[in-house]
Amino acid sequence: HTVRRQSIKRGEPRQMPSLPHTAESTVREEHFSSRRKQLEDYLTKILKMPLYRNYHGTMEFIGVNQLSFIHDLGPKGIEGFIMKRSGGHRIPGLNCCGQGRMCYRWSKRWLVVKDSFLLYMKPDSGAISFVLLVDKEFNIKIGQKETETKYGLQIDNLCR
């Protein structure tokens with residue numbers, strides 16, 4: 001505990017900031033702007049605390065990861081969790097999609113979409129699994145007929 005106490009920087013926030021205790025339904029319309037400011041201040045304080053800033057739940061809620069603020073990668077695009085299906089490799093007995101259809105392995109991935117590429121990462125380790133460049137053959141297919149899933153989409157490019 002002594003080493004841990006010494007490692008905490010002076011002036012670094014240590015306690016969880018508090019949110020307003022008044023219910024939203026009881027707040028009058030003229031107080032909405034101050035209410036928004038309170039929420040903004042709360043989130044700012046949370047993000048200044050490394051324990052909460054680096055917590056995967058906080059990062060998922062805000063929609064960021066460790067690559068979000070690297071300016072050399074381009075402007076921040078949309079990102080979040082997806083269920084990624086294996087690239088068509090047949091695995092007998094796993095997630096079969098009906099008689100005579102292929103069986104696929106599904107895995108949870110963090111998808112990052114930028115202006116010239118997209119990538120997905122393993123959520124537990126943060127390791128980049130694959131980068132897909134936007135090239136002249138970049139194509140997105142949507143719909144059950146194209147993807148064999150109700151809400152799926154298929155992304156192709158020149159290499160994959």
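**View 1**

**View 2. The aromatic pair of Phe81 and Trp110.** The structure holds two aromatic pairs, and the one shown here is formed by Phe81 and Trp110, whose ring centres lie 4.9 Å apart while their planes stand at 90 degrees, so that the pair is edge-to-face. A description of this kind rests on two quantities, because a pair of aromatic rings is described by the distance of the centres and the angle of the planes.

**View 3. The tilted aromatic pair of Tyr120 and Phe130.** Tyr120 and Phe130 also form an aromatic pair, with 6.2 Å from centre to centre and 35 degrees between the planes, and this pair is tilted. Tyr120 lies in strand S3 (residues 117-121) and Phe130 in strand S4 (residues 128-133), so the pair ties together parts of the chain that are ten residues apart in sequence. Tyr120 counts as buried at a relative accessibility of 12%, while Phe130, with a relative accessible area of 25%, is partly exposed. The ring of Phe130 has a charged group over it as well, for the charged end of Arg160 sits 4.2 Å from the centre of that ring.

View 4. Side chains of opposite charge can pair when their charged atoms come close. Why are Asp41 and Lys37 separated by about one helical turn? They are four residues apart in helix H2 (residues 32-48), which means that about one helical turn lies between them. Asp41 is partly exposed, with a relative accessible area of 31%, and Lys37 is likewise partly exposed, with a relative accessible area of 44%.

**View 5. The salt bridge between Lys76 and Glu79.** Here the side chains of Lys76 and Glu79 meet in a salt bridge with an N to O distance of 3.5 Å. The two partners fall into separate classes of accessibility, as Lys76 is partly exposed with a relative accessible area of 40%, but Glu79 counts as buried at 11% relative accessibility.

View 6. Lys141 forms a salt bridge with Asp156, and the closest N and O atoms of the two residues are 3.7 Å apart. Lys141 stands in strand S5 (residues 139-142) and Asp156 in strand S6 (residues 153-156), so that the pair, 15 residues apart, links distant parts of the chain. Lys141 counts as partly exposed at 27% relative accessibility, whereas Asp156 is buried, with a relative accessible area of 18%.

**View 7. Arg105 in the loop between S1 and S2.** Arg105 is found in the loop that runs between S1 and S2, and with a relative accessible area of 48% this residue is partly exposed. Although Arg105 and Arg85 are 20 residues apart in sequence, their C-alpha atoms are 5.8 Å apart in space.

**View 8. The whole chain and the confidence of the prediction.** The chain has five helices and six strands, arranged along the sequence in the pattern α-α-α-α-β-β-β-β-β-α-β, and buried residues make up 23% of its 160 residues. The average pLDDT of the chain is 78, and 76% of the residues score at least 70. Over residues 88-93 the pLDDT is below 50, and in the model this stretch has nine contacts beyond near neighbours in sequence. Where pLDDT is low, the predicted coordinates should not be read in detail.

How values were computed:
Residues are numbered from 1 along each chain as its sequence is written. This is a predicted model: local features need pLDDT of at least 70, side-chain atom pairs count only at pLDDT 80 or more; totals for chains, interfaces and linings use all residues. Side-chain values use heavy atoms; hydrogens and water are left out. Helices (H or I, at least four residues) and strands (E, at least two) are DSSP runs, numbered from the N terminus. Buried means under 20% relative accessible area, exposed over 50%, partly exposed in between (1.4 Å probe, protein chains only). Rings of Phe, Tyr and Trp (its six-membered ring) pair if their centres lie within 6.5 Å; planes under 30 degrees apart count as stacked, over 60 as edge-to-face and the rest as tilted. A charge sits over a ring if NZ of Lys or CZ of Arg is within 6 Å of the ring centre and within 35 degrees of the ring normal. pLDDT is the predictor's confidence in each residue, from 0 to 100. Contact means heavy atoms within 4.5 Å. A salt bridge is a side-chain nitrogen of Lys or Arg within 4 Å of a carboxyl oxygen of Asp or Glu.
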